[in-house]
Amino acid sequence: MDIQLIPTLSDNYVYLFKDPQSDAVGIVDPGEPGPVLAALDRTGWRPTHIFNTHHHADHIGGNGVLKQRFGCTIIGPAADRGRIPELDVVVADEDTYHFGSHEVRVFETPGHTSGHVAFWFPDASALFSGDTLFALGCGRLFEGTPAQMWTSLLKLRELPADTRVYCGHEYTLSNARFAVSIDPGNPALKERAADIAVLRDAGKPTIPTTLGVERATNPFLRADDPGLAAELGLSGADPVEVFTEIRRRKDHF
């Protein structure tokens, strides 16, 4: 599956992809229509589906224009039925949806918002995580609790290590600086932070990442790591307590 990254707004990413075995073309979280329309003109693709991870305007702002022009089927979380206009298909935890020749598995991942979902394409090794899991980070808790977000992240952490993670924002450089500040003894993290700085200095994206890399370096996926808990002065604490402290520190970093 050919997946193209489209920068939009100030730091959002929209994803455009095509199933090579059919005419199915998907878009994930089109926050504004202009850059997406330009990418469609460039590729010559005609979109058939829009996948929305949650209701925030910077993820659904282009839905209306794209649906009106192309008749796209809009798929999104059942819990956001009243907050995402023109939803055609609603999905919930453990649902399966078929996009062309691909099976899509749905995970409910509340925390950033109460209705957030993530879409996993197993045979393409691709996870569209929205604003739940970022490269070296996770979403702010606008509507959910730390316990909800930790549970959501554990669902995603269990996916295969080679799963490519396509998240909603380019936050990786600031996330790396924070991660190093609370986990300074992690050599894999230090090496990754240096690589990220080079990419961003060159104006290049840091996405996709992989779950294997995130497991080793993302502090938000490691709240149950005794070494990280000790670094935070929380040896023996419940992982939710550790996660809460990591999120609190990031919010004030």
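## Cysteines, cores and a pocket

This predicted model holds zero disulfides, a disulfide being a pair of cysteine sulfur atoms within 2.5 Å. Cys 138 takes part in none, and the nearest cysteine sulfur, that of Cys 167, is 12 Å away. Cys 167 is likewise in no disulfide, with the sulfur of Cys 138 as its nearest at 12 Å.

A word on ground rules: residues are numbered from 1 along each chain as its sequence is written. The model is predicted, so local features need pLDDT of at least 70 and side-chain atom pairs count only at pLDDT 80 or more, while totals for chains, interfaces and linings use all residues; side-chain values use heavy atoms, with hydrogens and water left out.

The table lists residues that count as buried (under 20% relative accessible area, with over 50% being exposed and partly exposed in between; 1.4 Å probe, protein chains only).

| Residue | Relative accessibility |
|---|---|
| Cys 138 | 5% |
| Cys 167 | 1% |
| Ile 246 | 0% |

Now to the interior. A nonpolar core here is a set of buried Ala, Val, Leu, Ile, Met, Phe, Trp, Tyr and Cys residues joined through side-chain atoms within 4.5 Å. The largest one has 25 residues, and Leu 153, Phe 243 and Ile 246 have the most contacts inside it. At least two residues of this core come from each of β9 (117-121), α4 (146-157), α5, α8 (226-231) and α9; helices (H or I, at least four residues) and strands (E, at least two) are DSSP runs, numbered from the N terminus. Helix α4 gives the largest share, four residues. A second, separate core of 24 residues includes Ile 75, Val 106, Tyr 166 and Ile 207.

Leaving aside neighbours within four places in sequence, Leu 153 is in contact (heavy atoms within 4.5 Å) with partners including Cys 138, Phe 220 and Phe 243.

Finally, the lining of the largest pocket divides into four nonpolar, seven polar and five charged residues; nonpolar means Ala, Val, Leu, Ile, Met, Phe, Trp, Tyr, Cys and Pro, charged means Asp, Glu, Lys and Arg, and the others, Gly among them, are polar.
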